[in-house]
Amino acid sequence: MAALRMTISCVMFLQLLSCLLSSFAPTNVQGLKVGFYDKACPKAELIVKKVVFEAMKKDPTLGAPLLRMFFHDCFVRGCEGSVLLELKNKQDEKNSIPNLTLRGFEIIDNAKAALEKECPGIVSCSDVLAIVARDAMVALNGPSWEVETGRRDGIVTNISEALLNLPSPFANISSLITQFQSKGLDKKDLVVLSGGHTIGNGHCPQITNRLYNFTGKGDSDPNLDTKYAAALRKKCKPTDTTTALEMDPGSFKTFDGSYFKLVSQRRGLFQSDAALLDNQETKSYLLKQMNSDGYSTFFEDFGVSMVKMGRIGVLTGEVGQVRKKCRMVN
């Protein structure tokens with residue numbers, strides 16, 4: 001009997017030890033890890049990088065939409081590639097209003113095609129999207145980070161879900177914090193990822209309300225610098241639906257920390273940018289980056305927040321599929 005009790009105690013101890021050791025393993029709880037394809041497709045990241053760098057050399061402005069594509073994918077259904085899917089009836093995420101200005105889907109297609117030649121059916125489209133976002137930033141001399149891989153692809157896309165889940169450029173700080181928290185991201189992630197607005201363009205419809213009749217009295221947003229508002233009104237008439245606007249004027253092709261200075265000067269393009277000044281934590285980070293005296297933690301912080309975002313709602317193991325072509329399910 002004593003021997004039996006000892007045997008049971010040993011088994012229980014070994015089970016406990018196994019659980020404790022697994023909690024310190026490099027793979028996170030969702031089954032992602034850096035180097036997931038090291039054995040099955042060791043050249044995977046090099047193949048994607050080659051495609052991205054060639055495309056970015058021809059058109060550096062692709063960086064911003066490729067970054068935003070990953071963000072828009074993760075905030076809707078999680079990082080599982082639903083933003084890439086196309087439906088015959090056009091009722092897919094890609095055709096939702098917030099996604100109509102996304103570009104660079106052919107980059108994903110080209111990278112996936114090259115991967116299928118090297119190692120068919122191994123690398124998921126959602127992982128391609130995650131790697132592309134990182135490599136696009138590196139191509140702009142921006143931050144780099146180790147991308148966790150091991151995602152599998154979803155099989156559902158819905159046009160209405162993008163509007164429901166993506167943060168709006170008209171959002172106030174309470175709404176932004178709530179949306180980010182619902183995805184497992186905190187206030188620091190909010191302000192850090194907003195720093196991605198240092199590259200790329202917005203469009204007039206996203207700011208028209210800030211320029212004309214903001215409170216119903218024919219006025220502009222009081223949180224927008226008056227000189228900047230006047231300059232924007234010259235570019236955006238009330239009915240303009242197409243004109244592109246640099247989110248970080250003079251630096252929109254360069255990934256840097258100048259965005260934080262602009263926001264602190266009340267020159268952030270969107271209401272959601274200006275909203276960062278309405279919370280002590282987000283404002284504190286913003287001012288810290290602006291006054292960093294040549295040393296900024298922004299690049300490092302951006303990488304950390306991108307990894308966190310890349311864990312939202314992932315499919316791993318046997319869940320989902322590895323699409324052969326990113327625009328359609330198998």
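Begin by selecting helix 8 (187-194) together with helix 14 (residues 298-309), which pack at an angle of about 115 degrees with their axes 9 Å apart. Axes here are lines fitted to C-alpha atoms, for helices over the stretch in contact, and angles run from 0 to 180 degrees between N-to-C directions. Helices (H or I, at least four residues) and strands (E, at least two) are DSSP runs, numbered from the N terminus.

Before going further, note that this is a predicted model, in which local features need pLDDT of at least 70 and side-chain atom pairs count only at pLDDT 80 or more, while totals for chains, interfaces and linings use all residues. Residues are numbered from 1 along each chain as its sequence is written, and side-chain values use heavy atoms, with hydrogens and water left out.

Helix 8 and helix 14 are roughly perpendicular to each other, a label for angles of 65 to 115 degrees, whereas angles under 35 count as roughly parallel, over 145 as roughly antiparallel, and the rest as oblique. Helix 8 passes helix 14 in a left-handed crossing; a crossing is left-handed if the near helix is turned anticlockwise from the far one by less than a right angle, and right-handed if clockwise. To see the contact itself, show the side chains of Lys 188, Asp 189, Val 192 and Leu 193 on helix 8, and of Phe 298, Asp 301, Phe 302, Ser 305, Met 306, Lys 308 and Met 309 on helix 14. Contact means heavy atoms within 4.5 Å. Sorted by class, this contact has 6 nonpolar, 1 polar and 4 charged residues, where Ala, Val, Leu, Ile, Met, Phe, Trp, Tyr, Cys and Pro count as nonpolar, Asp, Glu, Lys and Arg as charged, and the others, Gly among them, as polar.

Next, select Thr 198, Asp 248 and Asp 256, which UniProt lists for "binding site" in an unreviewed entry. They span 59 residues in sequence, yet no two of their C-alpha atoms are more than 9.7 Å apart, so they gather at one spot. UniProt positions are given in the numbering used here, feature names are shortened, and annotations may be inferred rather than shown by experiment.

Is Thr 198 buried or exposed? Thr 198 is buried, with a relative accessible area of 0%, and its place is the loop between helix 8 and strand 3 (201-203). Buried means under 20% relative accessible area, exposed over 50%, and partly exposed in between (1.4 Å probe, protein chains only). Beyond its neighbours within four places in sequence, Thr 198 is in contact with several residues, including Asp 248, Phe 252, Asp 256 and Tyr 259.

Asp 256, by contrast, is partly exposed at a relative accessible area of 22%, and it lies in the loop between strand 4 (244-246) and helix 11 (258-264). With neighbours within four places in sequence left aside, Asp 256 is in contact with Thr 198, Asp 248, Ser 251, Phe 298 and Phe 299.

Now move to His 72, listed by UniProt for "active site" in an unreviewed entry. His 72 sits in helix 3 (residues 63-75) and is buried, with a relative accessible area of 8%. Which residues does His 72 touch, not counting those up to four places away in sequence? They are Glu 93, Pro 98, Asn 99, Leu 102 and Leu 166.

From there, select helix 2 (residues 44-58) and helix 5 (residues 125-139), whose axes come within 9 Å and cross at roughly 50 degrees. That makes helix 2 oblique to helix 5, and their crossing is right-handed. The contact of helix 2 with helix 5 has 9 nonpolar, no polar and 4 charged residues.

Not counting residues up to four places away in sequence, Asp 135 touches Glu 45, Val 48, Lys 49, Val 52 and Phe 53.

Finish with two loop residues. Lys 90, in the loop between helix 3 and helix 4 (105-118), has a phi near 65 degrees, a positive value in a residue other than glycine, and it is exposed, with a relative accessible area of 51%. Asp 225, in the loop between helix 9 and helix 10, is buried at 14% relative accessible area, and it touches Gln 265, Arg 266 and Arg 267, not counting residues up to four places away in sequence.
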